[in-house]
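Welcome, and thanks for taking a look at this one with us.

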Amino acid sequence: MPEKNELTEIKPGARVAFIGSESFPFIKTGGLGDVMYALPRALLPLGCEVRVLMPCYRCIPEKYRDQMEYRGSFMMDLTQDGRTFYVGIMELELDGVIYDFIDNREFFDWGNPYTGLWEDIPKYCYFAKASLAALNYLNWVPDVVHCHDWQAALVPVYLRTRFDGTPVSQARSILTIHNLRFQGICSIDHLKYWTGLPDYLFDYAVFKVNDGEANMFKGGLAYADRVTTVSETYAEEIQTDFYGEGLNGHLWYHRAKLRGIVNGIDIDIWNSRTDRLLPVQYDEKDVLSAKPVNKKALQERLGLMVDESKFVVGLISRLTDQKGLDLINAAFTQMINENMQVVILGTGDPRYENAFRYYENTYPGQVCAYIKYDESLAHQIYASSDALLVPSLFEPCGLTQLIAMRYGTVPIVRETGGLKDTVEPFNENTGEGNGFTFDQYRADLLLDAVQRAQRVYQEERDRWNAVVVRDMEKDVSWGLSAKRYLELYEELK
Ligand code: ADP
Ligand code: GLC
């Protein structure tokens, strides 16, 4: 891991403040947390200086809270009627990256980072403004404020309005869309109240949307100097009706500043050679002998029939309609067969949790529905399954297919967003490719893809094994993409 003091010089234009609502290892609910951890680290060896600003949630584990140091505090005005709020700055350094946690018990003293829009809107209005105020307070003026998703979308707006003329206003802004589904929408009065922002911003060019409400993401997209998505395909998709979540017109209008840069994964955390959470560690040279051993250990742990010849299909996911679970549901009874086992790890929408519980009861020893969030089990499933299912309705990037490939587990994906950009379809003629894919959002096509995969696994093992090894050799690190972000930062100088 590169340490900050290894750097010979910080590149001009490469002082970057990451602002977002979650980051591994402090708090992670999905891929945003992974990116907020891994991308700053990947930027360090390129000559960037990175600070990450995020809320100081009560649910951050004690072991990290104990390492935080108090860096100062001040009162900040926020609302339309001039109410002021405490802003504390708690700091810690991890692997060369400085984390500044914005502390306020009124907003962040809950068990979960996200507690419903009614509370989340004020929470992230406060967070956006407090982050910029903290940068001024710390006297650390970045070249770029790199903001993530709707929770940080007000930062570019504040930067050019309330913070105009202050030191931090020298920074340019980038807003990265990890998921356009969530936008931070409320009544205009509510947002006006909590932001204290001037009336002229509440028109159609900035916050206002068609039904007369205010949309935080929309405002940020209008004000950011650059907008990025986490894959190239998603950058195109969101300019269409189907994927645009109501903002396609707005994104099309701002398309000149839109770029797609595909995510990578942290290859130190996701390293099957050193992963202590695996019964047997391996790399591309011994994956073919290690996987059956890991598979048996997983089957034992989860109460599945212990048999290394079964085709084990994993699913690790937030259980929401985004992830294509309706297709799985529609195809499940035709898909499952005596040579297949399915392992589901996820939490979310009760209707999916219950559907998977039902399959577990109906197919004992063949299906396991582990309805929990469990990092350590995730590692074991990535390593021990033969295939990983990601049939998403939409997928801005998707990290699970990248992790799967790195662990020699063949992805079965729908060709959308980052799934399309990262998984080359298996070619029946040449045997080339990284996984099994289908295009339209249809259950029969998902079924066909799973059946094709199972057939190759069972009848053409050499070709299957070649895909496994090829997947492990594929570069899924942040290397190239971190360079593309650096180029973008430099473009803004
Ligand atoms: P999204 O951000 O849309 O949820 P991604 O594929 O980008 O999807 O990232 C999901 C991340 O969350 C991955 O690191 C995955 O391993 C992890 N994850 C999802 N669900 C679980 C779970 N139930 N237990 C452990 N890790 C999970
Ligand atoms: C979002 C998207 C996912 C992406 C992740 C990290 O949560 O749903 O596709 O991989 O952000 O960028």
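Which helix gives the most to the shell around ligand 2? Helix α1 (residues 31–43) does, with 3 residues; helices here are DSSP runs of H or I with at least four residues, strands are E runs of at least two, and both are numbered from the N terminus.

## Ground rules

This is a predicted model, in which local features need pLDDT of at least 70 and side-chain atom pairs count only at pLDDT 80 or more, while totals for chains, interfaces and linings use all residues. Residues are numbered from 1 along each chain as its sequence is written, chains are lettered from A and ligands numbered from 1 in the order in which they are written, and side-chain values use heavy atoms, with hydrogens and water left out.

## Two domains

The protein chain splits into domain 1 (15–264 + 480–492) and domain 2 (287–473), with bounds from an automatic or database domain assignment. Their centres, taken over C-alpha atoms, are 33 Å apart. In contact (heavy atoms within 4.5 Å) are 21 residues of domain 1 and 18 residues of domain 2.

Between them the domains bury about 1,500 Å², 56% of it on carbon and sulfur atoms; buried area is the accessible area (1.4 Å probe) that two parts lose on being put together, summed over both. On the domain 1 side, R181, T233 and Y243 supply 27% of the area buried against domain 2, more than any other three residues.

## Around ligand 2

Ligand 2 has 14 residues around it (a heavy atom within 4 Å), and the closest are H178, N263, E395, C397 and G398. Domain 1 and domain 2 each provide at least three residues of this shell.

Polar contacts are pairs of N or O atoms within 3.5 Å.

## Around ligand 1

Of the 22 residues around ligand 1, the nearest are G31, R318, K323, Y382 and L399. Here too, domain 1 and domain 2 each give at least three residues to the shell.

A polar backbone atom of G31 is 2.6 Å from an oxygen atom of ligand 1, and a backbone N or O atom of K372 is 2.9 Å from a nitrogen atom of ligand 1. Alone, ligand 1 exposes 560 Å², of which the protein buries 93%.

Terms used:
Polar contact = N/O pair within 3.5 Å; in protein donor to acceptor, adjacent residues only side chain to side chain. Areas by Shrake-Rupley, 256 points an atom, 1.4 Å probe, with all protein chains shown as cover.
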